[in-house]
Amino acid sequence: MRRSLRAALVLALMATTGLAAPPVPEPDRLLEHIKFLSSDALRGRGNGSEGLERAADYIAAQFKAAGLRPGFRNGDWFQPFELAAGLSVGEGNGLVIRRPSKSTPLTLGESYFPLSATPSDSPVVLDGVPVVFAGYGISAPSVDYDDYAGLDVNGKAVLVFSHEPQEARRDSRLNGARPLQETTLYSKAAAARSRGARALIVVSDPSHQADEANYRTFTIDADPEDHGIPVLRVRRDEVAPLVLELGLDQLAAAIDRDLTARSRALAGTTIDYRQRLAVRRRTVRNVVGVLPGADAAKDDEAIVIGGHYDHVGLGGRFSNSPDRTGEIHNGADDNASGIAALIEIARTSAADRARFPRTLVFVAFAGEERGLLGSAYYAEHPVVPLADTVAMLNLDMVGRARGGVEVGGLGAASSLGADLEAAARDAGLAARPGGPGAGRSDDSNFIDRRIPALHFFTGFHEDYHRPTDDWPRIDAAGTARVATLALELAARIAARDDRPTFTAR
Ligand SMILES: [Zn+2]
Ligand SMILES: [Zn+2]
């Protein structure tokens, strides 16, 4: 562990003057913030949830205690904006599979659920739509496999298996044991939609003994993708008897054996479908606090220090364990860690304000997990005009440093390189170029507007977007070092004579 020159000077100064040292980011304080934000009480801080609002209130209270000024008039810390937080399930949803001899009504959340729905407040009504069986629903000419060859699905509902044939065979011409791009749900829906299909019905392929989908999750968290047509996951044991003369398992086995499509219309089989899913609009809030610059000649220019405080709540489609939807995804590393760092940077910089000639704007973003929405809204409605925003520092997942941190964005902010190196020395932390990649976090909305922005990130791990991203796995001392690095870098940017330049990509 290296002690910084600055720390040594401060200690020497204390010894001679008896002054208290300025505070530094402290692991214990960081961990307290992380524990609260990632506690079960906040239920994963999903957008549109009460837990998210409690987190916002907590962050505002911490900003206030740190000595920041509220970002808005009348002492207001909050910047509200609206987003679509999934769908609400209305009355009258249902799917009926009709055969000449029998009709079978299926219940949403028990026997089927939408994998894709187009957000709309008007219901979907399909009546008497003929059903066509299309194997695995894959059209992949490059590997000479096409379930749609010679098949008319225009105006029909297409029944397909999940996954792909020969999926465990390393010698398969369908990309060996790795899935084809055409096997993704996105591609299967596009294949059906582009041929005029009105719906896609997906059943578990027989290579999986049990139908592994959790049909109930939809009633917990209705948040399907939008692939342009309804895509319905239907329980296999409900469908199998309806197409019995085909023999679902035998068909799959035949396709698996010779990769010859066995697609065909199911004579006399139709579906009726009713979908009543309304877009769930919710107001969420960015939290904004300001430390005015200490130098009147520079204080109209600002550095934004940000991180998101929302997470994925109880899972759903943003979870990496969608089968565990319903469990709290606590998000200790993602991103209680970054918010804890933000709070500690606020506290320590406000206590040592003379080091910051330019203004610091602290922003805790909502809506990140749903597409970087909070930072997009802030960029449209900044507290300090973007023309006067000289840099942005983003902290997203900084809880597992273990000696180093990845820094993204240097390509467009190379003029910050020397400041970063000096700050990393002070923090005693290895700063490596890297990061999760463009468009992955809130710095993107600043880079897109040509503002030099750096992203601090301590790496993906097996708990990422899973219920196991919990506080005991946090490296609090490492988080304190990342916070110190960001603090020291902010101090250098705040005191520079020139503004950092944006280097075009
Ligand atoms: Zn994140
Ligand atoms: Zn995330």
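In this predicted model, G404 stands opposite A430 in strand β18, where strands are DSSP runs of E with at least two residues and helices are runs of H or I with at least four, both numbered from the N terminus. Local features need pLDDT of at least 70 and side-chain atom pairs count only at pLDDT 80 or more, while totals for chains, interfaces and linings use all residues. Residues are numbered from 1 along each chain as its sequence is written.

**Strands β17 and β18**
- Strand β17 (residues 404–408) runs parallel to strand β18 (residues 430–433), and 4 bridges join the two; strands pair if DSSP finds at least two bridges between them.
- Together with helix α10 (residues 417–427), β17 and β18 form a right-handed β-α-β unit, right-handed being the case in which, with the strands pointing away from the viewer, the path from the first strand over the helix to the second runs clockwise.

**Domains**
- The protein is divided into domain 1 (69–86 + 280–328 + 340–495) and domain 2 (91–275), with bounds that come from an automatic or database domain assignment.
- The C-alpha centres of domain 1 and domain 2 lie 42 Å apart.
- Domain 1 gives 9 residues to the contact and domain 2 gives 10 residues, a contact being two residues whose C-beta atoms, placed from the backbone, lie within 7 Å.

**Helix α4**
- In helix α4 (residues 185–194) the buried residues are K188, A189, A191 and A192, where buried requires 20 or more other C-beta atoms within 10 Å of the residue's own, exposed 12 or fewer, and partly exposed a count in between, with C-beta atoms placed from the backbone.
- These residues lie on the same side of α4, because they cover an arc of only 160 degrees around the axis, the arc being that of the directions from the helix axis to the C-beta atoms.
- Among the elements covering them are β5 (112–116), β9 (157–161) and β10 (199–203).
- After α4 comes G196, whose phi is positive, near 90 degrees.

**Backbone geometry**
- Most residues other than glycine have a negative phi, and most peptide bonds are trans.
- R45, in the loop between α2 (27–37) and α3 (50–66), has a positive phi near 50 degrees, and R45 is buried, with 30 other C-beta atoms within 10 Å.
- H465, in the loop between β19 (453–457) and α12 (476–495), has a positive phi near 55 degrees, and H465 is partly exposed, with 18 other C-beta atoms within 10 Å.
- D334 and N335 are joined by a cis peptide bond with omega of about -5 degrees, and N335 is found in helix α8 (residues 332–350).

Methods: Chains lettered and ligands numbered in written order.
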